[in-house]
Amino acid sequence: MTEQTDQADTTGPKNVPSKAAARRTAGSPRPAAPRPPGERRTWPRSFADRLTSPLPGAATLLRAMRTRALRPPAAALSTARELPYEPAPLPVPDVGQTSLTWAGHASWVLRTGGLTVLADPVWSRRILGTPARLTPPGVPWEDLPPIDAVVISHNHYDHLDAPTLSRLPRDTPMLVPAGLGTWCRRRRFTRVVELDWWEAAELPAPDGGRVRFDFVPAHHWSKRGLWDTCRSLWGGWIVSSDRHRVYFAGDTGYGHWFSEIGERHPDLDVALMPIGAYAPRWMLRPVHTDPEEAVRATLDVGARRMAPMHWATFVLSSEPPLEPLSRVRAAWAEAGRPADDLWDLAVGASAVLD
């Protein structure tokens, strides 16, 4: 099994940017009290006021179609066979450990505090409007342990996959952005928690503790049908056990939210950060970080480590399939960060926080 392990360090995070260290000494806003389970809430009809950049208009979309800007050249696609794919058995973390397994794209199996959590699970071979997967899911569905919770970043088809979710028991806790509760309940999920930015929920852990889920902002948008633009929210998640804090950024462009997330949630152990679907920049810059921006965002939030995601799975844009990996490695080195703190996992590989 390809696995990276970080041993416990009682002296605190190393190589953390001075800006993040200053935030810790200055203090941060108090975390929100967890929302009550099973709460039914009323939301605004639209979250368009949360957009940090205008959505692309008709002229932009026509230009993208005319220039075929959202697909790499055929010659570049031929390198897809070289994408890193190393499926292996899931690690079984010991008490006090947290394991991360990249199933591909933005899908993760996170095991922390005794719970197994799926993030943006997409096990389908194909999603609406894209070619079939370049790499299969890194973890066969039948090899998953019982799932204790699912976190969803937003409702785009490459992050909210109805066929995958239909495989889950309907009493699986679903933690979703504001406005997505109705979608989940229509599919008979009975334990649905909807959160606004900066809100949190908690689930009991087997050892008697709690695992906390904080919903944080992202620079993105939402749309699933013709008439539902920005009708539900979008964001990322911070999953915290007694020992570790994992930041799952979801889908996002670069912007001011990362610094504020770091202020409110200091001492993040690892940031799961998107590095793909960024070209052409004239179209995708507001909603997708490129590899260099992903590294910068990791510095902004003050995370010690970064695990790249949102690449090597679906053809969503025009960069060559292998380019995100080479660029993120170069950007990480350019930032002066230790090579061991870039968890550039192959699809199916795992890393363990100890």
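Colleague: How many helices and strands does the protein chain have?

Modeller: The protein chain has nine helices and 14 strands; these are DSSP runs numbered from the N terminus, with helices (H or I) of at least four residues and strands (E) of at least two. Keep in mind that this is a predicted model, where local features need pLDDT of at least 70 and side-chain atom pairs count only at pLDDT 80 or more, while totals for chains, interfaces and linings use all residues. Residues are numbered from 1 along each chain as its sequence is written, and side-chain values use heavy atoms, leaving out hydrogens and water.

Colleague: Why does Thr112 count as buried?

Modeller: Buried means under 20% relative accessible area (1.4 Å probe, protein chains only). Thr112 has 2% relative accessibility, so Thr112 counts as buried. Thr112 is located in strand β3, residues 107–112.

Colleague: What makes the pairing of the Thr112 and Thr98 side chains a polar contact?

Modeller: A polar contact is a pair of N or O atoms within 3.5 Å; within protein, one must be able to donate a hydrogen and the other to accept it, and residues adjacent in sequence count only if both atoms are side-chain atoms. The side chains of Thr112 and Thr98 make such a contact at 2.8 Å.

Definitions and conventions: Buried means under 20% relative accessible area, exposed over 50%, partly exposed in between (1.4 Å probe, protein chains only).
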